[in-house]
Amino acid sequence: MKKLTPKKNLSLSWKIGLYLSSFSIFLVIIVFLFQAFLLEPMYEASKKNTVETVSNMIVDKIYKSNDKQELADYINQMQESNETCIRVLKESSVYENTYEDTSVESDGGNLGCKLYHLSLNEIASQITKAELSDTRMYLSSQDTNLITPTSNEKLRNITLTRIIDTDQGKIAVMVYSNITPISSTKRILSSQLWYVLAIILLAVVVLTYLMYHTIARPLILINQSAKTLPSGKYVKVKIQNYREAQELDETLTNAAQDIQKADKAKRDLIANVSHDLRTPLTMITGYGEMMKDLPEEKTDENIQVIIDESKRLNALVNDLLDLSKLQEKKIHLSKERFDLTELIQSQLQKYDVYHLQEGYTIDVNLVKNTYIEADKGRIEQVFNNFMTNAIHYSGDQKHIVITQKVEDNNVIVSIQDFGDGIDDKDIEKIWDRYYKVDKEHARASSGSGIGLSIVKEILELHGAQYGVTSKLHEGSTFWFKFPMIK
Ligand code: ADP
């Protein structure tokens, strides 16, 4: 059969490199877009914010202090620290709606400040606009005729005019700031961006190499080691880099052990089944040939041997089929309500023959009316399996006790014998498929080694509890428990 080869994907190192470089390019593009489209509006917004904050602080000062000199000093300080120009004007007491300079009269005015070059008309126009506004503020932003010598661009400026009422009358606070053209800054930033991109891409190469070493290499080593996994071999890589790879290494180590165990179980099963099939087959063939060659051997006893061995073969094959169906959960339980006490009583008749012909003592302690909901046929199978085992392994004692108890609305059935018992080391394994404590003995007592695994599957399918207590040479008690219904 042609093997399907999976489509080759990119290796992890290429993928890491690709993702990291795409991410870096994405980042650089975002920075570029910010510079190209948002730098200017953000710069202007920050200037407006400065002008507003300065204006608020001046207004606060006016309200708090009446000292003219203190106000003038404060204004000078604010002008220098915020690169703004400030004028405070007081409404004229002679002519209404005309303002005169209050604060800077004392130091002769700031002649470097644009506000001192405005004509009275211009000042009056800004103040009027502020007066007319609801907030009593007016922000003007305009291009000037001045050109920057370096970038040959027009300078812009903003002026915030604000009117406040004080006990000395109306006062106008004007704060002015230049907005320097930033296209040359933008050009510098863009050229820097190319260098940044080159450095980032170099870092991506280094980072990819490092990540490849920490992430991909352990996986490559694990993969190499896992190539022998189908044969149950896996040499642990002993990863230290990161947890997921460690866990994968651990999982594969366990998987290799499981494969080995499953392989051994398969071999054992084949060996056991063929052994058990061969023995009756050899007897059937042997007896058949003997009867053919020696007509006087055609006795009823010899024919009975052939019949018995055929039955044994039949039972073994049936058990095997039954177990495999149960294990694959292909069996559908047909549950019904029935009296477990009645079921045990009816089954016990089968064992009268052991009592009468072979001297077995079977003590029975049953309680009445124990209704449960289960697959009646399957529970019969469970009970009979426990009973046949008890008979087979009860040794010379030939004493069996069947007890039924009701506890917390559960009915518990136990089948006790006083025979061989089971060693502690074997007790867990007896429920495994084909496990026999003593193969020779089991053969002598016709056991197939799968009875208890069938019982286990049936009880687990029902969700019922079950178990065994046993002591070597003292006997065993097998039990199962079902919830009772009305
Ligand atoms: P078998 O057909 O060999 O009895 P089972 O699956 O019924 O197979 O039991 C598995 C093994 O458990 C038996 O081979 C036997 O060694 C042990 N075993 C089962 N029942 C008893 C018992 N009542 N006393 C002692 N050993 C038992």
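These legends walk through a few close-up views of a predicted model. Residues count from 1 along each chain as its sequence is written, and side-chain values rest on heavy atoms, with hydrogens and water left out. Local features need pLDDT of at least 70 and side-chain atom pairs 80 or more, while totals for chains, interfaces and linings use all residues.

**View 1. An open sheet of 5 strands.** The strands run in the order β7-β9-β10-β12-β11, with mixed pairing. (Strands are DSSP E runs of at least two residues, helices H or I runs of at least four, both numbered from the N terminus; strands pair if DSSP finds at least two bridges between them.) β7 (361-365) and β11 (465-471) sit at the edges with a single partner strand each, so one side of each has no neighbour in the sheet.

**View 2. The pairing of β11 with β12.** These two strands, the latter covering residues 475-483, pair in the antiparallel sense over 7 bridges. Look for Thr 469, which stands opposite Thr 477 in β12.

**View 3. The buried side of helix α2 (residues 68-82).** Here Leu 71, Ala 72, Tyr 74, Ile 75, Met 78 and Gln 79 are buried (under 20% relative accessible area, with exposed over 50% and partly exposed in between, using a 1.4 Å probe and protein chains only). They span an arc of only 165° around the axis, which puts them on the same side of α2; the arc is taken from the directions from helix axis to C-beta atoms. Glu 80 and Ser 81 are exposed on the face turned away from that buried side.

**View 4. Where α2 starts and what follows.** At the start, a side-chain oxygen of Asp 67 comes to within 3.0 Å of the backbone nitrogen of Gln 69. After α2 comes Glu 83, with a positive phi near 50°.

Conventions:
A polar contact is a pair of N or O atoms within 3.5 Å; within protein, one must be able to donate a hydrogen and the other to accept it, and residues adjacent in sequence count only if both atoms are side-chain atoms.
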